[in-house]
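Here are a few exercises to work through with the model open in your viewer. Try each one yourself before reading the solution.

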Amino acid sequence: MAILVAYAVVFVLAATPFFEVLTVIPLGVLAGMNAFAVAVVAFIGNMATILLLILLMDRVKAWLARRRERKGGNLPEKREKKAAAIWKRYGLPGLAIISPLLIGSHLGALLAMGFGGTRKQTTVWMTGSILLWTVVAGVLSHFGFELLFERAGREGLLVDLLKRG
């Protein structure tokens, strides 16, 4: 039962903006969870909210406009400026691929739609980007932590904790 809760936590964290697959997958593998399973669950969690964001884009834009009004300004934030520079130079593919690293995939999808990307284009490029980063994080985490655990004689933080209790 505890392992199901752990995978549910992976899903929820991956679905949470700014907790990217790049963070969640290494944490899950470090906990001793199966790298492939963690990667799949994290990908599904991250994509679920990205797709929801793209689908509800009109409502999200209206909410953000109201929020900015309340804050009393229309100045672009630091992350938005980075995204705009990437968009100008590399377009939607560049923004989609680099956003999980620099600004977060959720904000990247939001800004891609705001800069003129269609729902279909944004969905395709964000899915490809998140899949790419999921594979990279999964492979690096698996081999990196496997070597660490082998040398330390451990199975992972969560696994070790569950065996004690």
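**Exercise 1. Work out how many helices and strands the chain has.**

Solution. Start with the elements: the chain has eight helices and zero strands, where helices (H or I, at least four residues) and strands (E, at least two) are DSSP runs numbered from the N terminus. Before going on, note that this is a predicted model, in which local features need pLDDT of at least 70, side-chain atom pairs count only at pLDDT 80 or more, and totals for chains, interfaces and linings use all residues. Residues are numbered from 1 along each chain as its sequence is written, and side-chain values use heavy atoms, with hydrogens and water left out.

Next, the overall dimensions: along the principal axes, the C-alpha atoms fill a box of roughly 55 × 30 × 25 Å. Of the 165 residues, 38% count as buried (buried is under 20% relative accessible area, exposed over 50%, partly exposed in between, with a 1.4 Å probe and protein chains only). Finally, take the contacts with a separation of 6 or more: 75% of them come from residues 24 or more positions apart (contact means heavy atoms within 4.5 Å).

**Exercise 2. Describe how α6 and α7 pack, giving the angle and the distance between their axes.**

Solution. Step one is the geometry: helix α6 (residues 105-114) and helix α7 (residues 119-152) pack at about 155°, their axes 10 Å apart. Axes here are lines fitted to C-alpha atoms, for helices over the stretch in contact, and angles run from 0 to 180 degrees between N-to-C directions. So α6 is roughly antiparallel to α7 (under 35 degrees is roughly parallel, over 145 roughly antiparallel, 65 to 115 roughly perpendicular, and the rest oblique).

Step two is the residues: S105, A109, A112 and M113 of α6 meet R119, T122, M126 and I130 of α7. Sorted by class, that contact has five nonpolar, two polar and one charged residues (Ala, Val, Leu, Ile, Met, Phe, Trp, Tyr, Cys and Pro count as nonpolar, Asp, Glu, Lys and Arg as charged, and the others, Gly among them, as polar).

Step three is the burial of α6: nine of its ten residues are buried, including H106, L107 and G108. Just after α6, G116 has a positive phi of about 120°.

**Exercise 3. Find the one aromatic pair and classify it.**

Solution. The structure holds one such pair. The ring centres of W87 and F115 are 5.6 Å apart and the planes make 45°, so the pair is tilted. The rule: rings of Phe, Tyr and Trp (its six-membered ring) pair if their centres lie within 6.5 Å, with planes under 30 degrees apart stacked, over 60 edge-to-face and the rest tilted.

Now place the partners: W87 sits in helix α5 (residues 78-102) and F115 in the loop between α6 and α7, 28 residues apart. F115 is partly exposed, at 30% relative accessibility.

**Exercise 4. Is A42 buried or exposed, and which residues is A42 in contact with?**

Solution. Look in helix α3 (residues 35-55), where A42 is found. At 0% relative accessibility, A42 is buried. Leaving aside neighbours within four places in sequence, A42 touches V10, A14, V21, V24 and I25.

**Exercise 5. What is the phi of F18, and where is F18 found?**

Solution. Phi is near 75°, a positive value in a residue other than glycine. Most residues other than glycine have a negative phi. F18 lies in the loop between α1 (2-15) and α2 (21-30), and is partly exposed at 48% relative accessible area.
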